[in-house]
Amino acid sequence: MRLFSATIATETNTFSPLPTSVDAYKEGVYLRPGEHPAEAPLMCTAPLWVARRHAAAEGFTLIEGSCFAASPAGTTNRADYEAMRDEILGQVKAALPLDGVLLGLHGAMVAHGYDDVEGDVIERVRALVGPGCVIGVELDPHCHLTLKRVQLSDIIILYKEFPHTDVVDRAEDLLRLVLATIRKQIKPVMSLYDCRQIGSYPTTLPLMRGFVDRMMAMEGKGGVLSISIGHCFPYADVPELTGRILVVADGDKQLADKLATEIGEEFVGMRGRTAPNYYDIDGGITAALAANAHPVVMADPADNAGGGAPSDNTSILRRLIERDVQEAALGPIWDPIAVRLCFDAGIGATFPLRFGGKIGPASGAPVDATVTVTGLKRDCWQSFGPTQSPLGDCAAIKTGGVEIVLISNRTQALGLELFRNVGIEPTERKMVVVKSTNHFMAAFGPIAKQVLYLDSDGPIPRDYRRIPYTKIQRPVWPLDENTSPGLIF
Ligand SMILES: [Zn+2]
């Protein structure tokens, strides 16, 4: 038995002012066959990592392809996408004949000329491997679950958790189902229900938690192989941007249709009730000041690098400084030039620094302050579940009662190391502001006495009606009040 696995992944915010070239992949994940580290999977590489661990025991040969993944930002350069894709396709061709292909994709990657990158990859892989080869795909729930992908692959599985703490578990599911299909123990059929909605669905809130737990309890029983909830990725101008439900059943298309419809209708019924309440900036700060247990963790989702934002918006920081808030820490602000200046100044130095507010109009104005450098460290990392995310060189600075973590490798707040690397202990601060939508909850949720979500004027707004879409299929909620959800595959 011969299986092939590869990754090409990023989450593309087509409105982002940061273009994505091959250099962004080289800063992220850029691994040739055999180069994947043994310790842990990287962004979207869990299928390869899991397959490598099971190959001997399950009696198959794994042919490893390249793995390319970049931090979320703007549209990927066309020539660079085609070069990475064609490298992987060349590896598939050289590996033939194949019984199975495992693709670790994100699902919301856009390249110039390709609104549906993953559909393009799957289509070209299918053309090479033929109809008899089993193609299994793992995607992030913040994906565009296009019809083309469902038509051209055998099994698609999305992570269920947001924060995405189950990337490895879902890759295990995918491998198990792909192997069972190759061994003719199951015959997967898929059904896709289009909810016609844009939303945010943290699974740390009770309504989504219960919904996901019930989906998981249905799997593996009565012919139900897998259930995936496609949240959608709202910051992309692509036609098939919408929430969708995907059901994989064993040979019974009617069952898959019925279940996808039932779950889809329930998901539509949850509109407007799945996201947290958002404070405005001053309202959030006031609420945090009134708290009597600490730390209060405050999220700035509108400037989440994980959604393609620059992570250098200064609006919350400016109000913390102006209101002379004490014992507050904020991170990360992506500003490699400011980090360089801090290293040049040295630990303990007090000097005037201009930082943040650089990349676009939604970054706000830079902050000019007299700062003290309180922490410096090169080549930092933070953890996210079993994976590690690079932060590059980092600096901690203090102005008034506010400490700020400056980073040089753009990413969102995921692990407590973001602060601890540079000497800030988040459990000992009254307020900890993190630029992240909800992934921060995996590490910061357990230490928080209270969590507040703020809606700043960062580039990825919570009100989707403010996003200037041109290509999205209408009607779709909340842009349109009346929509027609239904089964589409
Ligand atoms: Zn995601």
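Colleague: How many aromatic pairs are there, and by which rule?

Modeller: A pair of aromatic rings is described by the distance of the centres and the angle of the planes. Rings of Phe, Tyr and Trp (its six-membered ring) pair if their centres lie within 6.5 Å; planes under 30 degrees apart are stacked, over 60 edge-to-face, and the rest tilted. By this rule there are ten aromatic pairs. One of them is Tyr30 with Phe68, a tilted pair with 4.9 Å from centre to centre and 45 degrees between the planes. Please keep in mind that this is a predicted model, where local features need pLDDT of at least 70 and side-chain atom pairs count only at pLDDT 80 or more, while totals for chains, interfaces and linings use all residues. Residues are numbered from 1 along each chain as its sequence is written, and side-chain values use heavy atoms, with hydrogens and water left out.

Colleague: Which strands hold Tyr30 and Phe68?

Modeller: Tyr30 is in strand β2 (residues 29-31) and Phe68 in strand β3 (residues 61-69), so the pair links distant parts of the chain, 38 residues apart. Strands here are DSSP runs (E, at least two residues), and helices are runs of H or I with at least four, numbered from the N terminus.

Colleague: Why is the pair of Phe211 and Phe267 called stacked?

Modeller: Their planes are at 5 degrees and their centres 5.4 Å apart, so the pair counts as stacked. Phe211 belongs to helix α7 (residues 206-218) and Phe267 to helix α8 (residues 253-269), 56 residues apart. Ring pairs also join Tyr201, Phe211 and Phe267 into a cluster.

Colleague: What surrounds the zinc ion?

Modeller: Donors are N, O and S atoms within 2.8 Å of the metal (3.2 Å for Na, K and Ca); water is not among the atoms, so sites may look incomplete. Here the zinc ion is coordinated by Asp140 (OD), Asp140 (OD), His142 (ND1) and His164 (NE2), at 2.1 to 2.6 Å. Along the chain, the donors follow the spacing D-x1-H-x21-H. Both Asp140 and His164 are buried.

Terms used:
Buried < 20%, exposed > 50% of the residue type's maximum accessible area, 1.4 Å probe, protein only.
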